[in-house]
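Please open the model in your viewer and keep the selection panel at hand. The tour below goes from selection to selection and says what is found at each stop.

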Amino acid sequence: MTTTEDKRQERLDRGIKVRTEGLYALTSWREMGYLLAPRAFLIFGLLLLPLLVDSYWQRVLCIAGVYALLALSFDFLAEYVGLVCLGGAFFVGCGGYTAGLLNHYLGWSPFFTIPIATVIGAVISTLILLPCLRLRGVYFAIVSFMFPLLIVNIIIALNIFGGTEGISALATLPNIWFDQYLIFAAVIIALFVMRRLVNEDIGLIFRSIKDNDQAVRASGISITLYKTKAVFIASLMGCFGGAYLSHQYGWLGISLFAMDFSILPIAATVMGGAGTLVGPVLGAFMLTPLSEALRGFGQLRVVLYCLILMGFIVYKPEGIMNYLQRKYHQFEHWKEV
Amino acid sequence: MDESRRNFLKTIGITAIGAGTIMTGIGKAHAQAKPILVGCPVPRASAYGQNGERGLILAAEEINAAGGVKVGSVMRPLKLEIIDTRDEEPGVPTSEVLLAIEKLILQKKADVIVGGPCMSECSIAAMDLYARHKIVDIVSIGSYTPTWDQKVAKDPEKYKYSFRASGSVKWYIKEGVDLLHGIKENFGYNKMFISIDDSLMCRAASEIVKNMAVKDGWQITGFDKHPIAATDFSVALSDCKKSGAQILFIWAYAPETSILLRQWADMEVPALPIGFIGAAEDPGFWKQTKGKGAYTIVTLSETGCTPSNVTPLTKKYYNAFQKKWGVPPRSTGCVSAYESVYVLKDAVERAGKLEANALIAALEKTDLPAVRGTVRFDKNHQIIYGYNPKESVLGNWVQWQDGDRITIFPKEGATGAIKMPPWMKKS
Amino acid sequence: MVDILFYGTVNSVTFALIAVGFTLVYGVSRLPNFAHGAIYVLVGFMTWSFVNDLNLNYLLAILISLCISSLLGAAIYRLVLIRLRGLPTSEIIASFAFGLIILEGLRLQGIGGFKGFIGPFYVLPSFIDAKIRVAGMLIDAQRLIIIGGGLAVVITLWLFTHYTKIGLSLRAIAQDEQAAMMLGVDSDRVAMISLSIGSALAGLAAVIILPLGNVTAEAGYRVLIYALAVCIIGGLGSWGGAILASFVLGFAMIVSTSLFGAVWESVVLVGTIILILIFKPSGLLGKQKELEERV
């Protein structure tokens with residue numbers, strides 16, 4: 001009997017992983033399959049999912065899609081730029097209100113309001129967050145947590161945009177299938193664009209801002225400019241989610257700034273695997289239905305998903321996706337020391 | 001209050017909690033006919049929701065015990081499908097509430113919807129959902145906003161599926177002003193201080209009250225708005241005291257309003273508190289304020305929350321509720337939720353089927369003697385409130401006297417007269 | 001004018017009481033305890049429950065709840081945060097999740113006959129139910145107790161951190177963790193102690209402040225936000241700053257309430273935070289580590 005102290009786990013990349021990293025990926029179907037299988041599984045899985053469930057669960061999946069976008073944006077900001085944003089609801093609110101107001105006052109169709117609100121909402125939220133971009137770590141987290149509250153209070157205080165009752169009877173999207181595939185398409189596109197983005201030059205700068213912003217500065221790169229860009233990109237996703245949400249139910253109100261939009265994506269990210277981008281998406285697609293299934297239990301479900309969250313963060317901080325990726329790419333075995 | 005005593009200690013430190021099952025349906029197994037599935041969206045964590053739920057369950061049990069609902073020639077039992085909508089909880093988006101309602105419609109295949117959600121914001125947003133799914137709903141817990149019937153009026157064809165059996169704030173304001181008028185006549189008061197929760201609804205409503213009161217000859221000596229979670233009202237109360245007001249008109253739904261009333265008693269403010277005070281509606285209010293809430297006048301919105309004799313059914317309902325749940329009906333929601341199940345039964349029996357258009361036609365013709373008076377809907381599908389129990393349903397203003405809620409207005413239901421606190425008695 | 005002064009002071013001391021526990025923990029061990037508000041509320045409910053369900057003496061009830069809350073603080077550290085030190089994001093998320101479990105757990109219904117603490121029924125009794133008339137206004141004893149309690153807490157803490165061994169080691173870790181560890185101060189132990197003191201302080205704030213109002217689970221979120229606000233404005237971890245910030249905020253809120261109406265209260269709160277962070281990112285009195293942590 002040897003105790004764990006006498007052994008260590010050795011991990012080696014699988015040969016196929018190494019081969020598929022270069023041009024060799026094109027050499028055989030097996031290599032290409034190795035690369036494509038997980039991606040295809042994800043895409044086709046998402047596209048087929050709505051066909052397998054009833055129309056109520058399709059609604060749940062729509063909401064899960066919104067949370068997936070938020071989780072993706074959280075993961076990007078936290079893991080690639082170093083800005084821990086606890087205010088996902090802020091993006092949802094900005095996008096949702098912009099889209100809803102354009103529809104309500106100008107009568108534009110959702111096909112225009114959603115893309116416009118995505119961009120304008122993102123511009124607005126970036127501008128509002130701009131003064132805080134100098135902050136880091138805990139400070140940025142706390143301030144971003146407070147922004148949704150501030151906006152809600154201002155809306156109530158000034159009694160604008162429908163005040164506490166919000167505005168209802170906005171135009172809705174044509175049908176549930178459109179709803180469903182619109183958000184899924186958005187999730188898939190956002191996911192692959194982000195994956196590409198973080199490996200481009202700009203992604204490199206983002207990551208170095210996270211690791212050592214002084215060094216970035218010393219290289220003559222404005223960190224504020226790049227943080228602004230990053231926040232803009234992240235808020236595009238959140239604002240799209242918000243705009244979509246306000247048209248899905250034809251309603252807008254201060255609960256678009258609700259804390260659930262900030263908390264659940266974080267839980268999804270922790271559970272799915274921070275830093276993997278795809279993990280948070282999967283996490284959102286697991287947590288949202290789970291939380292919905294627990295609806296009958298009232299408060300218990302918040303307690304349960306907090307327990308899951310804490311369990312993951314304490315005992316399995318790498319999350320599901322990091323674990324799976326490791327298993328997929330590497331051999332593991334125990335070695336005597 | 002005793003119901004809220006619970007064995008808290010048992011649960012301290014329990015982090016892993018076994019799943020508890022909750023009652024989601026109360027259909028009786030013995031009934032052969034296919035039950036009528038009534039979807040009930042209810043915010044379980046709010047007092048209004050809980051009491052509405054109790055009203056719904058009580059009515060459904062009574063109806064099932066009496067054989068059920070006669071649809072055509074078949075007696076079909078009622079089955080309630082109660083779902084937690086979580087509105088009125090902090091941090092819950094409206095989409096979540098709407099999702100719960102869609103679950104009732106799409107997955108549970110509810111025949112009709114009766115109940116919440118309570119929050120006006122949510123119930124207004126839900127109307128579009130009912131229109132889209134072409135399902136009849138009777139709003140019967142909370143949701144007092146005038147926007148509701150305005151919305152129906154704007155597009156009666158689209159929103160014909162929605163009925164509201166709970167009150168409209170418009171009527172409650174009229175009641176309030178009439179009550180104030182009576183006080184002016186009887187006590188010779190004419191100065192009023194207004195204190196409200198700072199929410200859109202309270203602001204708009206108190207503005208109307210203010211204008212109507214001014215027209216009636218009242219002098220407004222001050223106006224205080226406090227944010228919804230405020231716990232210190234001393235500034236406003238001392239203003240009120242200084243201003244020489246004789247009436248403290250309150251419009252507030254935050255639970256913290258009970259603090260306002262305690263501080264009112266502590267500071268011996270010589271102005272009688274009257275108004276829409278969510279916290280003071282509760283039967284536990286007396287104990288909670290340790291009797292300091294005495295003399296507060298508050299509306300329970302619905303006849304039947306106190307044992308009066310407005311209709312033969314009023315006391316019967318009160319006693320049945322008390323017997324079933326061990327507490328008296330609280331306020332808003334208890335009676336209207338209870339009644340709306342009967343309204344539904346009545347309409348289904350007259351329509352002879354559950355098809356939406358037939359049911360709507362039958363509901364529009366409702367003329368049902370019930371607990372609050374006689375249930376009728378106006379052309380905007382809003383239940384008609386009034387002072388005549390033969391033609392309309394009645395409100396219920398009570399004053400806290402010696403630990404009990406004594407109905408003092410409208411006079412058809414009155415079981416006592418207004419009393420004044422000792423520091424306000426003229427020497 | 002007199003009432004603005006008086007209620008402003010009461011309000012400020014309330015802020016200080018709420019924030020002092022949070023700032024102590026952060027100042028010593030750099031742990032943002034987002035479960036702070038939850039502990040505050042939990043102590044309120046526990047005390048209520050001890051008094052009303054077990055018919056304990058009020059003071060005894062308070063004492064027991066405070067002990068439980070400090071054990072809970074230690075437990076948060078031992079079970080959760082110890083594994084996450086140095087990962088600020090994870091610390092925030094985990095402690096916030098812990099707080100949510102407490103807050104939402106308090107509102108659970110239908111499990112083991114437990115009906116959840118919902119509604120306005122939970123009121124802690126005042127220590128002394130009396131009123132004093134000063135300069136034409138009635139002042140209730142509870143408010144004086146808040147002021148007195150606040151003062152006592154601050155003085156005790158000062159004495160504790162300057163004259164006891166544990167207190168000194170807390171300050172040592174706060175000032176220079178490496179050096180303190182070389183001198184034999186156990187960082188983990190100190191962090192645990194700071195969390196348990198911080199939690200007890202949250203509880204103490206609860207039992208002093210709550211008799212003015214009632215205990216609701218929702219208050220937990222607000223308390224957390226207040227604590228954060230005070231600490232950011234004062235400078236995270238700076239105790240003097242926290243007290244100064246309490247007064248700035250306390251008076252800003254009371255003054256804005258009487259000038260513009262109470263609806264602006266929270267706008268003032270968050271607005272102040274944002275302004276401070278833009279113009280003086282280290283807070284009013286925060287001095288160290290500006291470069292490393294903030295900009």
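Two residues are in contact if their C-beta atoms, placed from the backbone, lie within 7 Å. This is a predicted model, in which local features need pLDDT of at least 70 and side-chain atom pairs count only at pLDDT 80 or more, while totals for chains, interfaces and linings use all residues. Residues are numbered from 1 along each chain as its sequence is written, and chains are lettered from A and ligands numbered from 1 in the order in which they are written.

Select chains A and B to begin. Their contact takes 32 residues from chain A and 31 residues from chain B. On the side of chain A that touches chain B, helices H3 (55-81), H11 (260-272) and H13 (300-315) of chain A each supply at least two residues, and H3(A) gives the most, with five residues. Helices (H or I, at least four residues) and strands (E, at least two) are DSSP runs, numbered from the N terminus. By class, this side of chain A divides into 15 nonpolar, twelve polar and five charged residues, where Ala, Val, Leu, Ile, Met, Phe, Trp, Tyr, Cys and Pro count as nonpolar, Asp, Glu, Lys and Arg as charged, and the others, Gly among them, as polar.

Now select chains A and C, whose contact takes 34 residues from chain A and 36 residues from chain C. Helix H6 (137-158), H11 and H13 of chain A each supply at least two residues of the side of chain A that touches chain C, and the largest share, 13 residues, comes from H6(A). That side has 28 nonpolar, four polar and two charged residues.

Next, select residues 7-13 of chain A, which form strand E1. None of the seven residues of E1(A) is buried (20 or more other C-beta atoms within 10 Å of its own, C-beta atoms being placed from the backbone), so the strand lies largely in the open. E1(A) pairs with strand E4 (residues 330-336) of chain A in the antiparallel sense over seven bridges, and the bridge partner of Glu10(A) in E4(A) is His333(A). Strands count as paired if DSSP finds at least two bridges between them.

Finally, move to helix H1 of chain B, residues 47-65. Of the 19 residues of H1(B), 15 are buried, so this helix is largely enclosed by the rest of the structure. After H1(B) comes Gly67(B), whose phi is positive, near 110°.

Conventions:
Buried ≥ 20, exposed ≤ 12 C-beta atoms within 10 Å, placed from the backbone. Expected span 1.5 Å × (residues − 1).
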